[in-house]
Amino acid sequence: MIELEGLTKRYGEKVAVDHLTFTVRPGIVTGFLGPNGAGKSTTMRMILGLDHPTAGDVRIDGTHYERLQDPLTYIGALLEAKGVHPGRSAYNHLLWLAQSNGIPERRVREVLDEVGLTAVARKKAKGFSLGMGQRLGIAAALLGDPRILMFDEPVNGLDPEGIHWIRTLMKSLAQQGRTVFVSSHLMSEMALTADHLVVIGQGRLLADTSMAQFIERNSRSYVRVRSPQREALLDALHQAGVTAVDGPDGTLEVDGTPAGTIGELAAANGVVLHELSPQQASLEEAFMQLTAESVEYHAHAGTPLPPQQQQRQQQQWGESWRKG
Amino acid sequence: MATAQVVRSEWTKIRSVASTVWTLSTAVVVTIALGMLISALSKNEFDNLSQREKLSFDPTFISFAGTGLGQLAMIVFGVLVVSNEYSTGMIRASLAAVPKRGVFLFSKLAVATALVFVVGMATSFATFFLGQLMLGDLKASIGDDGVLRAVFGGGLYMTLIALFSMGVATMLRSPMLSLGILMPFFFLISNILGNVSATEKVGRFLPDQAGSKIMQVVTPVDDDTPYGPWGGLGIMALWVIAAVVGGYVLLKRRDAQ
Ligand SMILES: Nc1ncnc2c1ncn2[C@@H]1O[C@H](COP(=O)(O)OP(=O)(O)O)[C@@H](O)[C@H]1O
Ligand SMILES: [Mg+2]
């Protein structure tokens with residue numbers, strides 16, 4: 001378990017991580033989602049005690065990272081920057097890591113086998129492809145057989161086969177009861193692997209929710225309606241007990257009523273329609289909107305958002321985005 | 001226990017990169033070869049020396065004439081041992097594995113220093129005996145007064161130079177910046193400061209000038225250096241302590257990058 005409490009990091013003027021409070025639980029894959037520059041890597045470095053927090057606290061199974069005895073046996077991490085000496089072989093890279101934490105040398109061979117690098121174990125790391133480097137990083141994370149694993153953008157630059165391998169690996173690690181915390185800037189990637197989702201933007205917590213709930217909230221289908229007789233259409237819908245909300249550019253959006261029914265209602269009331277189209281909001285769109293709102297929120301710090309936007313925000317995010 | 005693990009791990013790091021071998025072997029070869037060359041030249045020139053110069057003639061010190069150049073390779077070794085961590089981004093893996101930064105740094109320095117000590121001692125004795133061979137009948141003997149101290153001190157000098165470089169590299173992190181400061185400093189600036197009369201008195205408190213006093217057996221005529229061989233080495237050791245402590249404090253405070 002990883003617990004963050006008001007974790008904050010400032011680099012000079014720049015607030016990279018802003019009062020993050022959340023918990024990463026065992027037995028599931030927790031996705032850490034946010035656009036580039038949101039503060040994911042910085043958060044992960046603070047979890048490992050590499051960057052000192054400006055404020056707040058983070059604990060691994062209740063203990064500060066610095067106080068863990070043989071930390072690689074508690075938590076293994078794949079960081080963004082690879083951190084391998086190009087002139088050293090994969091085997092020796094894993095060997096020094098193992099020795100520093102009292103891990104038997106046998107584990108070096110085991111993890112090399114597990115990630116499929118046995119054949120190139122004695123080759124210098126500088127000849128490794130991106131995918132091989134990523135596999136070596138994962139081997140290092142697995143070395144101490146830790147209960148907690150953390151991966152920073154593990155699928156970046158991998159081929160489809162490598163991506164599939166990593167997804168399967170993360171799921172199986174979680175199934176074994178381990179804590180798996182994985183970052184990405186791609187919603188689509190998270191949707192495929194994560195059971196739980198922590199979304200950040202500009203260093204702030206935007207959502208901390210189960211994946212199922214996130215999908216249910218955000219993959220809503222609705223009907224977009226455009227009419228020159230907007231008021232007449234609203235009356236007609238209202239009389240039939242159908243609620244419509246304002247969409248962009250003067251359109252109306254109707255949840256939970258088929259397009260056909262709306263068309264018939266309009267016809268029965270003699271309302272002209274210019275558009276009647278079923279819509280599906282993708283998770284990616286939902287994510288982009290969520291993070292765009294975080295930018296908006298920052299830009300307007302102090303001044304309230306325009307009412308229309310405020311309404312949409314509340315509808316889509318309920319309390320979840322405000323939890324932070 | 002835990003420190004023993006880290007020492008072992010640092011030994012694996014040091015022996016598994018090529019730069020260890022080429023920097024140390026360059027230091028050995030340059031120190032010995034140049035020492036032999038200058039010893040041979042000195043022998044041939046001896047008859048042309050003035051009486052005063054003959055009195056100051058120090059066969060032991062002459063055989064260490066290669067140290068000035070050879071130490072540059074020791075400096076490269078010391079700098080690379082530390083700054084490789086930063087230039088490759090390995091520092092993050094290292095500090096994630098060993099979050100107690102003092103244990104990390106002092107294990108690394110202990111391993112690298114022990115290695116330089118062994119290589120430096122071997123080089124020092126080899127350069128002395130081979131240099132004396134070149135000097136023929138002008139040679140000093142290891143049993144002469146102060147000679148063993150000078151030869152042993154030569155090994156210590158090389159060790160301290162490397163350790164000083166490790167401390168500086170821990171502070172500066174970048175290999176280019178560290179080498180860009182240390183190499184010209186020890187090769188040029190220190191010599192200039194030491195030979196210009198206006199700065200001479202300051203120059204002799206610099207780490208290399210103070211430290212190299214240990215390799216001197218015959219005190220030059222009208223020498224007014226205010227410290228003896230061990231005093232000089234002590235001054236050098238203070239520089240080393242300052243560099244290492246500075247490195248430790250910065251490592252402790254900074255983010256790992
Ligand atoms: N060492 C650093 N010094 C200064 N700014 C930094 C440093 N590391 C990260 N940042 C800044 O902090 C913000 C968050 O970066 P990062 O954590 O890398 O985001 P992410 O991993 O989500 O892409 C960015 O604006 C980045 O430029
Ligand atoms: Mg990142």
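This note goes through salt bridges, helices and one surface patch of a predicted model.

1. Basis. The model is predicted, so local features need pLDDT of at least 70 and side-chain atom pairs count only at pLDDT 80 or more, while totals for chains, interfaces and linings use all residues. Residues are numbered from 1 along each chain as its sequence is written, chains are lettered from A and ligands numbered from 1 in the order in which they are written, and side-chain values use heavy atoms, with hydrogens and water left out.

2. Salt bridges overall. Over all chains, a search of the whole structure gives 19 salt bridges (a side-chain nitrogen of Lys or Arg within 4 Å of a carboxyl oxygen of Asp or Glu).

3. A:Glu153 and A:Lys40. These two residues form a salt bridge, with 3.7 Å between the closest N and O atoms. A:Glu153 sits in the loop between strand E6 (148-151) and helix H5 (160-175) of chain A, and A:Lys40 sits in helix H1 (residues 40-47) of chain A, so the pair ties together parts that are 113 residues apart in sequence. Helices (H or I, at least four residues) and strands (E, at least two) are DSSP runs, numbered from the N terminus. Both A:Glu153 and A:Lys40 are buried (under 20% relative accessible area; exposed is over 50%, and partly exposed is in between, with a 1.4 Å probe and protein chains only).

4. The helix that holds A:Lys40. H1(A) is mostly covered, with 8 of its 8 residues buried. Among them are A:Thr42, A:Arg45 and A:Ile47. After H1(A) comes A:Gly49, which has a positive phi near 70°.

5. A:Arg178 and A:Asp145. The side chains of this pair meet in a salt bridge at 2.9 Å, N to O. A:Arg178 is in the loop between H5 and strand E7 (179-184) of chain A, and A:Asp145 is in the loop between H4 and E6 of chain A, so the bridge ties together parts 33 residues apart in sequence. A:Arg178 counts as buried because its relative accessibility is 12%; A:Asp145, at 43%, counts as partly exposed. In chain B, salt bridges that share partners join B:Glu10, B:Lys13, B:Glu85 and B:Lys108 into one network.

6. A:Arg59 and A:Asp57. A salt bridge of 3.1 Å, N to O, links these side chains. A:Arg59 has 33% relative accessibility and so counts as partly exposed. A:Asp57 counts as partly exposed at 24%.

7. A helix pair in chain A. Helix H2 (residues 90-100) and helix H4 (residues 130-142) of chain A have axes that come within 10 Å and cross at roughly 25°. H2(A) and H4(A) are therefore roughly parallel to each other (angles under 35 degrees count as roughly parallel, over 145 as roughly antiparallel, 65 to 115 as roughly perpendicular and the rest as oblique).

8. Nonpolar patch on chain B. B:Leu69, B:Phe187, B:Leu188, B:Ile189, B:Ile192 and B:Val196 make a nonpolar surface patch of about 500 Å². Helix H9 (residues 175-195) of chain B gives the largest share of the patch, 4 residues. B:Leu69 is in helix H5 (residues 67-87) of chain B and counts as partly exposed because its relative accessibility is 36%. Patches take residues with over 30% relative accessible area and no salt bridge, joining like charges within 9 Å and nonpolar side chains (Val, Leu, Ile, Met, Phe, Trp, Tyr) within 5 Å.

9. A:Glu231. This residue is in helix H8 (residues 230-239) of chain A. A:Glu231 is exposed because its relative accessible area is 52%. A:Glu231 and A:Val271 are 40 residues apart in sequence, and 9.7 Å separates them in space, C-alpha to C-alpha.

Technical notes
Accessible areas come from the Shrake-Rupley method with a 1.4 Å probe; for residues, only the protein chains shown count as cover. Axes are lines fitted to C-alpha atoms, for helices over the stretch in contact, and angles run from 0 to 180 degrees between N-to-C directions.
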